[in-house]
Amino acid sequence: MAGPVEAPAIEINNIEGGSEGQTGKLNEERETEGTGEENMHSVSSGNSIHRSSSRPQLDLSGAAIQGNFEERDPTILLPNQSDDISHLALDIGGSLIKLVYFSRHEDKPVEDKRKRTVKQRFSIANGNRISYPILGGRLHFVKFETSKINECLEFIRSKQLHCGGLNPRRWPSDVPQNENVVVKATGGGAYKFADLFKERLGVSLDKEDEMDCLVAGANFLLKAIRHEAFTHMEGQKEFVQIDQNDLFPYLLVNIGSGVSMIKVDGDGRFQRVSGTNVGGGTYWGLGKLLTKCKSFDELLELSQRGNNRTIDMLVGDIYGGMDYSKISYLNALRFGLKKIFFGGFFIRGHAYTMDTISFAVHFWSKGEAKAMFLRHEGFLGALGAFMSYEKHGLDDLMVHQLVERFPMGAPYVGGKIHGPPMGDLNEKISWMEKFVQKGIQITAPVPMTSPGTTGLGGFEVPSSRGDTLRSDASNLNVGVLHLVPTLEVFPLLADPKMYEPNTIDLSDHGELEYWLTVLSEHLPDLVDKAVASEGGADDTKRRGDAFARAFSAHLARLMEEPAAYGKLGLANLLELREECLREFQFTDAYRSIKQRENEASLAVLPDLLIELDSMDEEARLLTLIEGVLAANIFDWGSRACVDLYHKGTIIEIYRMSRKKMQRPWRVDDFDTFKDRMLGSGDKKPLPHKRALLFVDNSGADIVLGMLPLARELLRRGTEVVLVANSLPALNDVTAVELPDIVAEAAKHCDILRRAAEAGGLLVDAMINIQDVFKEVSPSVPLMVVENGCGSPCIDLRQVSSELAAAAKEADLIILEGMGRALHTNFNARFKCDALKLAMVKNQRLAEKLIQGNIYDCVCRYESAS
């Protein structure tokens, strides 16, 4: 079914109607060899590309935040701005239109007293949104067939993308058109369709140079997306981490109708060093004459089945026996370039094409060079055009401030339009119900045709060449880029460049298959909990069924192509599940279970505290660590633990777990930790100044495990910061929930009460927060910060600004739970002391990680690096 696809498919340049990467005029000017000054492109004063003087400028005078100052993404009012500002850009080629547009975040958190207290204590600024008003939102990628440009125009009109990008939801559908609205565009169609855009939408297309946009888009992606580049050899993709400090210079080879080889020396500094007009256009023209193919994709499919020893797919026979790979390598050698990136309409994510290019580069360089490709390749031009706007803010984004999400509807790379847009939740649910009615299994997240017409489940069935190379199956998906300027790199990582959060290597197919199966088997129970959390009405059951099918489709897609969503780790898998739940509006599937378990645990907390206070400090410290490990058994993400819930109450299971705590544990550094805490002999060490406690589950885990440990640290004069999820994930406790839990616990403990008051958690008991900070507090503070994520795991390359601020004076980290201490961060090293505590609740993980068994315990202590 033809139509737009939202949440980028990756396109490349057009071949049929002239190059999407180069207009005919551009080809005439640039298809000659040479390195003279006439081929140099540069810009002034650090901007990535030319900022058009015809572009209306933002008037920031009098700018103010509308509404609640504490909102995560407040609306910025520009009272003196007279012109409409558009935040979309287009790359209009002969066969495809690529569109990049920006949207604000829709979630608006309510005023949070905890957040205000944390900001004041750690002096956290509100960010730079006034300087760059669109920071904090999403970049969407959409494509249309150029022959159906009316669908593109209607899409822009329906979303009012041309009327303003700061908060499009506030624009009425009948908003009057402003003659000053300008939209950035590149590609030959920017000239061809300029009058149509003016007539239908009342906007002027501001044409940007195609090569400028191509390079600007590539530079941004390579600097801002962690695993944007990948290699492709013998059907296997391997993502490459590009050091943005060592990005330049590189060679960008764009294979469209013709071929351009561009030496890129920096932002806005590049030079076309070689090229030819014998490229994809020649190949397509000859292919049409020699075959009955009606599309370029069909011709590529035939080339994959054929024998390239008879007819060279890369036009080697026509081009005197030489191919683009050899020419590219020779140019890289000529200029001393170590990195070669290939893109263009001719490649279009086609596995056999990438494999052939990679083999040739490897052959001609004798293994010294590798061909690399880009995940977002098809949108380089549109993204570069977007960046030509003044004050877009993208220049200042760092790699840790971009998060890619994969909602249902994220299409494949390539030249095809795969299906209709999935705009709202009802459309997504209806679409999947149609598959069920047809009795068809969904095998990928992107519909390509009407259900029941062609292919398995309405999705194209990829053809194969041997057992390794598949056309569409090997393509990548590209999601929505979330711009989150409040994310930072955790400052206590010993070596951020070497940090890898994931412990389990899912590049091992057996390992991947196992964990996909685990998630699939856990799905029915998760759906039941999610539906029950929303009341169990018929509408909720529909959403639950749709979520199950959607997540199953994601799992099937990853089984088919593990690299479909980029570099895959177990943390990514678990986060994908939580994002899919939220996509179908299940915001907290375990809400009622968490409340019930918190109440049961708080009821027995006073007795536990009395028991602890009766012990000497050495026995108490051991009992506290045992308590954390025993309480960590409560994990609704573990099948073994779910089975335990049917055999007893939460308190019964906790007591049983405590009784089985026998040293030595499988990983047992308790004695080393005890020496640091209590000293040995007459030598008493100074207490830690500030401890960050990364908490895990609700119920006994937090109430009977981590809170008593936090209390002990407070007793010793250490500031304690409880670090919890920003968003719900399984039964994990969140930063929003923690203050209420602490307040209940403080009713039974003066140490917790005084610390919570000092830390601003019992705000209602205070007259003025500012006054409390000015006074000498009678107790060290107990504080709560959010970690910036909504997953059972944590990637410390992307944490909240409040966690990063709290970490700056911390000298002890305690990571608790399988997700944060084992699945991720087990091998992480820190600048400060670190304690990792977890009970292993998965037999395979126990065998792989610690050569142990299920319910074995880990107490791993590492002194400051």
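Predicted model: local features only at pLDDT ≥ 70, side-chain atom pairs only at ≥ 80, totals over all residues.

**Salt bridges, strands and rings**

Me: How far apart in sequence are the parts tied together by Glu 575 and Arg 405?

Reply: Their closest N and O atoms are 2.7 Å apart, which makes a salt bridge. Glu 575 sits in helix H15 (residues 570–583) and Arg 405 in strand E17 (residues 402–405); helices (H or I, at least four residues) and strands (E, at least two) are DSSP runs, numbered from the N terminus. The pair therefore links parts whose separation is 170 residues.

Me: Glu 712 and Arg 620 meet in a salt bridge too, so are they buried or exposed?

Reply: The N to O distance is 2.8 Å. Glu 712 is in helix H21 (residues 700–715) and Arg 620 in helix H17 (residues 617–631), so this pair ties together parts that are 92 residues apart in sequence. Both Glu 712 and Arg 620 are buried.

Me: Which residues are in the salt-bridge network with Arg 620 and Glu 712?

Reply: Opposite charges on side chains can pair when the charged atoms come close. In this case salt bridges link Arg 620 and Glu 712 with Asp 613, Arg 711 and Arg 715.

Me: How many salt bridges does the structure hold?

Reply: The pair of Glu 575 and Arg 405 is one of them. The total for the structure is 44.

Me: Which strands are at the edges of the seven-strand sheet?

Reply: It's an open sheet with mixed pairing, ordered E22-E29-E28-E27-E23-E24-E25; two strands pair if DSSP finds at least two bridges between them. The edge strands each pair on one side only, and they are strand E22 (667–668) and E25.

Me: Which residue in E25 is the bridge partner of Val 720?

Reply: Strand E24 (residues 719–724) runs parallel to E25, and five bridges join them. Strand E25 (residues 782–786) is mostly covered, with five of its five residues buried. Met 783 and Val 785 point one way, while Val 784 and Glu 786 point the other way along with Leu 782. In E25, Val 720 is bridged to Leu 782.

Me: What is the angle between the ring planes of Phe 490 and Phe 830?

Reply: Rings of Phe, Tyr and Trp (its six-membered ring) pair if their centres lie within 6.5 Å; planes under 30 degrees apart count as stacked, over 60 as edge-to-face and the rest as tilted. Phe 490 and Phe 830 are 6.3 Å apart centre to centre and form an edge-to-face pair. Both Phe 490 and Phe 830 are buried. The angle between their planes is 85°.

Me: Which side chain does His 232 contact?

Reply: His 232 lies in strand E10 (residues 229–233), and it counts as buried because its relative accessibility is 0%. A polar contact is a pair of N or O atoms within 3.5 Å; within protein, one must be able to donate a hydrogen and the other to accept it, and residues adjacent in sequence count only if both atoms are side-chain atoms. At 3.0 Å, the side chain joined to His 232 is that of Asp 355.

Me: And which side chain makes a polar contact with His 140?

Reply: His 140 is in strand E7 (residues 137–145) and is buried, at 9% relative accessibility. The contact is 2.7 Å, and the partner is Ser 103.

Note on methods: Residues numbered from 1 in each chain as written. Heavy atoms only, no water. Buried < 20%, exposed > 50% of the residue type's maximum accessible area, 1.4 Å probe, protein only. Salt bridge = Lys/Arg side-chain N within 4 Å of Asp/Glu carboxyl O.
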